[in-house]
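Biologist: Please take a close look at a single part of this model. I would like to know what surrounds it, and then what lies next to those surroundings.

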Amino acid sequence: MAHFSPSEMAREIARDVLAFPITNMTADLRFDEAGFGKHLAWLLETGRPSGVFAPGGTGEFFSLTPDEAETVTRAAVEVTARGVPVIAGAGYGTAIAIDLCKRAERPGADGILLLPPYLLNASQQGLQAHVEAICKSTSLGVIVYNRDNAILDADTVARLSDPCPNLVGLKDGVGDIELMVRTRSLLGDRLVYL
């Protein structure tokens with residue numbers, strides 16, 4: 001079970017620096033849990049981050065099986081000892097992303113970083129349906145990673161805000177300052193902007 005509610009998680013991650021640890025792998029391409037735990041403990045000791053994203057885009061999310069993603073999330077929850085929110089990655093198509101949300105809930109993640117669907121250019125209507133389905137599938141706070149082939153425009157984010165109260169953040173991965181300003185002008189402090 002999550003330690004932080006969606007709104008608590010959003011407030012916490014907005015307060016300071018975030019940690020995006022790499023996911024250590026062995027030579028035979030298996031998750032190196034001991035190496036990951038040591039690295040994450042070091043990150044926590046060197047300055048308490050306000051949140052840990054594991055596995056995420058920097059954490060080789062797309063190289064992991066769903067079972068490995070769940071194991072990485074569990075390891076992050078154990079190492080942080082619930083002292084900071086753990087935000088787990090979810091992505092691919094809608095059905096797999098929903099499965100990954102359930103796998104993040106089991107070990108006690110506090111939120112979801114929704115990565116773009118893999119190699120799919122979707123309409124705003126399609127992206128809205130995807131994000132809404134993910135948000136409705138989980139009680140965890142959801143942060144949409146706006147990047148590459150899945151960039152929500154300001155109006156789409158605004159349309160998602162009412163039916164998705166657990167949509168708590170938007171992570172910019174494209175550097176479009178005008179888009180972030182338009183989104184913020186429509187939604188104000190409704191979301192955390194990363």
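Modeller: I take helix 4, whose buried residues are covered by elements including helix 3 (66–80), strand 3 (86–90), strand 4 (111–114) and helix 5 (124–137). Helices (H or I, at least four residues) and strands (E, at least two) are DSSP runs numbered from the N terminus, and contact means heavy atoms within 4.5 Å. The model is predicted, so local features need pLDDT of at least 70 and side-chain atom pairs count only at pLDDT 80 or more, while totals for chains, interfaces and linings use all residues. Residues are numbered from 1 along each chain as its sequence is written, and side-chain values use heavy atoms, with hydrogens and water left out.

The buried residues of helix 4 are Ala-97, Leu-100, Cys-101, Arg-103 and Ala-104. These residues lie on the same side of helix 4 because they cover an arc of only 165 degrees around the axis, the arc being that of the directions from the helix axis to the C-beta atoms. Buried means under 20% relative accessible area, exposed over 50% and partly exposed in between, with a 1.4 Å probe and protein chains only.

Arg-103, in helix 4, has a relative accessible area of 14% and is therefore buried. Its side chain makes a polar contact of 2.8 Å with the side chain of Asp-99. Such a contact is a pair of N or O atoms within 3.5 Å; within protein, one must be able to donate a hydrogen and the other to accept it, and residues adjacent in sequence count only if both atoms are side-chain atoms. Not counting residues up to four places away in sequence, Arg-103 touches Pro-66, Asp-67 and Glu-70.

Among the lining residues are Leu-114, Leu-127, His-130, Val-131, Val-144 and Tyr-145. On a 1 Å grid over the protein atoms alone, a cavity is a set of points where a 1.4 Å probe fits but cannot get out, and lining residues have an atom within 4 Å of a point.

Conventions: On a 1 Å grid over the protein atoms alone, a cavity is a set of points where a 1.4 Å probe fits but cannot get out, and a pocket is an open set with protein on both sides within 12 Å along at least five of seven lines; lining residues have an atom within 4 Å of a point.
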